[in-house]
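The entries below follow the order in which I looked.

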Amino acid sequence: MKILIVNTLYPPEIIGGAEVSVSLLAEAFAQRGHQVSVVCLQNKQDRTVDVLKGVRVYRMPLDNDYWPFGNDRKPSSVQRLKWHLRDTWNRKSAARFAEILDIEKPDVVHTNNLTGFSVSLWSEAKRRNIRIVHTLRDYSLLCKRSTLFRGDATCVQRCTICAAMTSPYLLASRMVDAVVSNSQFVLDQHTKLKYFPGTDRRRVIFNIADPSSVVPSPASSSDDLIFGFIGRLEAEKGIEVVLKAAEQLPGDGWQLKIAGKGLEDYVRGLKSRSKRNVEWLGFAKAAEFYASIDVCLVSSVWPEPLPRTLIESINAGRATICSTAGGIPEIAGFSNMVGSYEPNDHKRLGELMLKAVNERSRWKIARPPQPGFAERFSADSVTGQYLDVYLDNNRTNRQ
C-alpha cells in the first residue's frame, strides 16, 4: 500500500511526543513492506527529500512569518495573531503539498498535527479522490494554542477568538473520511462540537511504544526515593504544581530530578524557587532518565491527550503519580504502582509524594506493567488497526 503521512515535524526535529509517535508508525509500515512517504516542515526556504529508515521524507518550507517551534523566546501577541490567521487556510502550503501528491500518488493520506500546514492540505487530497485519515494528537482544530489551556487553567469553554478562528477547521473536517484519536478523551472533545460529521469511522488507537527505547531496569541505588519529571518546562505540563508539592516534603529522604527545557526566563524563575533536593538536568535521554529515578511524576494541568512519558515510565517498570487530566487515566492503570490526583492540586500531590517517601521500600521496586500493556502499544497491533481504517470504505463504527 502507498501511504503518505503528514505531520508538522519529523525526526530529527523533535519537540514533543507526536514526532516520535508518527515516526514509529511510519517506520513500522515501511518494515512491513508498505511504501511510505512523510511530509513535514523545516526551517529552510527550499524543499528537500531524504530517506530515513526506509521512509521517504519530504521537508517543506514553512509559508508563514516565523518559525514557531522550539523557540526560547515568545513572539509578540500581534505577531502570533498574524501567524495564526495565515495558518487558518494556507494556500501556498496546499500548493506545495499538491506537487508531492502528484509525485507520490498515494492510496491514503494520513494527516496528524497540521499546525504550519493548515487544513488546506485536505482539499488537495479530496480533489484527487484520495482517502483521508486524520489522527487527533492535540486540540489544534479547536484551540489556536492547541492545548485548551490559557493562563493557568484549562478552558472550560472555548473563547470567542478560538471559536471564530477555528470555524474553517470545523467546515473542512467534513472532507475527512476517517478520524482516529490516541485517546477517547480527545475524540470526545471534537465529536461533541460536531467535528468530522462525514467520517465513516471513528477509532481510538494508542501510539506505538518502542520496547527497545526504554527497557525495564532495577530501582535506583540511592537510599533516597528519587522522583522524576521529564518534558517541556511550561505551566501546562504542571512543573509548578510539582515544585509546590515538593515544598511540603521533609528536608531529606528524597530527590527530584527534572529533565527538559523551556523558555529561558521562565526556567530561571523556577530554579530560583526550587529546594536543594531538586536537580535540573536539562535535556536528557529517556532511557537514562528512567533508569535514574524511582517514581515518575506525570503532572499535566492541560488535558493532555496521551503523554508518551507515562507510556515510557510504565514500560520502564517505574511507579507513577499522575494527574487525572485528559487521557492520562485511560492508561495509568497499566502501572502496578500508581497514585492519582486532580490537576493543579499540589497539596494532594504533596501528600502522595510524602506517602511514597515514607513507604520508599515499596515505591522503589521496579515492576512490570499490567498484562495486555505491551500488546496495546505494539507495532503489529497499531499498524494492523490503522490498516483496517485505511482500507475500510464501507463498514461504520460511529460513536
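These entries concern salt bridges and the places where their partners sit.

Entry one. I noted at the outset that this is a predicted model, and my search of the whole structure found 20 salt bridges.

Entry two. I looked up Arg47 and found that it forms a salt bridge with Glu99, with the closest N and O atoms 3.6 Å apart. Arg47 lies in the loop between strand S2 (35-42) and strand S3 (48-52) while Glu99 belongs to helix H3 (residues 91-104), so the pair ties together parts that are 52 residues apart in sequence.

Next I turned to Glu304, whose salt bridge with Lys237 has its closest N and O atoms 2.7 Å apart. Glu304 is in the loop between strand S14 (295-298) and helix H11 (308-315), and Lys237 is in the loop between strand S11 (225-230) and helix H8 (239-246), so this pair ties together parts 67 residues apart in sequence. Glu304 is buried, with a relative accessible area of 7%, and Lys237 is buried as well, at 19%.

Lys364 sits in the loop between helix H14 (360-363) and helix H15 (373-376), and Asp294 in the loop between helix H10 (286-291) and S14, 70 residues apart. Both Lys364 and Asp294 are buried.

Conventions:
Residues are numbered from 1 along each chain as its sequence is written. This is a predicted model: local features need pLDDT of at least 70, side-chain atom pairs count only at pLDDT 80 or more; totals for chains, interfaces and linings use all residues. Side-chain values use heavy atoms; hydrogens and water are left out. A salt bridge is a side-chain nitrogen of Lys or Arg within 4 Å of a carboxyl oxygen of Asp or Glu. Helices (H or I, at least four residues) and strands (E, at least two) are DSSP runs, numbered from the N terminus. Buried means under 20% relative accessible area, exposed over 50%, partly exposed in between (1.4 Å probe, protein chains only).
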